[in-house]
2 protein chains.
Amino acid sequence: MTEELDRRGQILDAAFEEFAAKGFKGATIKSIAQAAELQSPALIYWYFPNKEALFREVLGSRIPIVQAVANSSDLLDLPPEELLPRIGRAYFAFEQLDAQTLRLVVAEALRRPEVAEMFVRSGPGRVLDFLKAYLEHQVEIGRLRPHDVRSSARAFIGMLIPQLAGKMFFPTLAEDGLTDEDHLQNSVSIFLDGLRPDS
Amino acid sequence: MTEELDRRGQILDAAFEEFAAKGFKGATIKSIAQAAELQSPALIYWYFPNKEALFREVLGSRIPIVQAVANSSDLLDLPPEELLPRIGRAYFAFEQLDAQTLRLVVAEALRRPEVAEMFVRSGPGRVLDFLKAYLEHQVEIGRLRPHDVRSSARAFIGMLIPQLAGKMFFPTLAEDGLTDEDHLQNSVSIFLDGLRPDS
DNA sequence: TTCTCTTGACAGAACGTTCAATCGAGAGTA
DNA sequence: TACTCTCGATTGAACGTTCTGTCAAGAGAA
């Protein structure tokens, strides 16, 4: 074993696992210490002033920042047949680690308004803002029919949510065996046919 | 004051409020007793064997059973232009009380698989199953183009979710001021244009 | 009296946090 | 080399508080 000396990171990792699995109240200083393989919970207080501060650091260090839509201007002219599946695949690409993060943040956001604010602004809010701008542009250049893009942006992201929720949190929802890719293609085709400029 | 004698119900009400606001771990027997205006927390143990049992009774007595789609067969022949907005409005009709229930159930479902199962089967699962049957039927009678109804059912319900989430849990999402009714009409029209048989 | 309901006091465990003591590696001195 | 001193890191024990759950005694109605 490589006797990792980065105690701080070791504690942060363990705290993340515990908070994600049991929530802020459910995870205890003792259980975090055990998960971090510390001999004593007291050591945590050498690196962090208290449980609350530890939690905030975990949150700050783990909240995923959406960079898929960072270089917005490059993407504005992509045809929707290409861009929407790309966004969808980025969504479904959440893996094990991000599922834990999402569980932690969503569960805690339901109880703490500041966490809710932080979550929305760092994730869904950005994607929605980008989508609104993108769809607006696509309407202007005539590739989509005129409509309220605040609504269609929500609608497109929303279409993917039940599939994602089934995969990550509620396996019962996924029992009918629909694959991510099938759902994505179906959703994109409904969305685009529904906003086609002609007809 | 009417000196309500239904102590059991009084405790259940208070427990619901506390669990919804603070979660299972965050709510304490003492805080529930205070919310129920009991002189002593001990009284709770006269009516319920322990905190866990109290929680399960709260869940059982409050989980909303979706009855909007109970009489399925009547609705199967309604045209989608009529049925889909009806389902949407039922969704958005969640009011204050149900928001609390939803917060309680979702937050707890993220940690307890049994609660997740219960939640999905009693709510979203039923609506999805009904929608699949309905859409299948509409495809058969030629009012919608052939497609995978597992996917379109998810998609339609999903389209409404960001709006609902903004209203109930994440006010930041709702800052652009889109109204429920506008979003519903927009979503239905995208969905139906996207699944129109002709094209 | 007897039964249902209610009470304050209490036990035992677990909680977050503090504390004094200790360890080991490195610097300074002889 | 050997001895001392320093200091960040670590430890086990203990603190005060809060938690769930128990108990014996009492109040009020039948």
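**Helix packing, chain contact and the DNA side**

In this predicted model, helices α9(B) and α10(B) cross in a right-handed way. Helix α9 of chain B covers residues 124-140, and helix α10 of chain B covers residues 149-168. Their axes sit 9 Å apart, and the angle at which they pack is about 120°.

On the α9(B) side, the contact is built from Val127(B), Leu128(B), Leu131(B), Lys132(B), Leu135(B), Glu136(B) and Val139(B). What α10(B) brings to the contact is Val149(B), Arg150(B), Ser152(B), Ala153(B), Arg154(B), Phe156(B) and Ile157(B). Sorted by class, the residues of this contact come out as nine nonpolar, four charged and one polar.

Next comes the contact between the two protein chains. Chain A puts in 44 residues and chain B 46. On the side of chain A that touches chain B, the elements giving two or more residues are α1 (7-26), α7 (96-109), α8 (113-122), α9 (124-140), α10 (149-168) and α11 (180-194). Out of these, α10(A) gives the most, with twelve residues. This side of chain A has 19 nonpolar residues, along with 13 polar and twelve charged ones.

The surface near DNA strand D splits into eight nonpolar, four polar and three charged residues.

Key:
Residues numbered from 1 in each chain as written. Chains lettered and ligands numbered in written order. Predicted model: local features only at pLDDT ≥ 70, side-chain atom pairs only at ≥ 80, totals over all residues. Axes fitted to C-alpha atoms, helices over the stretch in contact; angles between N-to-C directions. Helix = DSSP H or I, 4+ residues; strand = E, 2+ residues; numbered from the N terminus. Left-handed = near helix turned anticlockwise from the far one by under 90°. Contact = placed C-beta atoms within 7 Å. Nonpolar A, V, L, I, M, F, W, Y, C, P; charged D, E, K, R; others polar.
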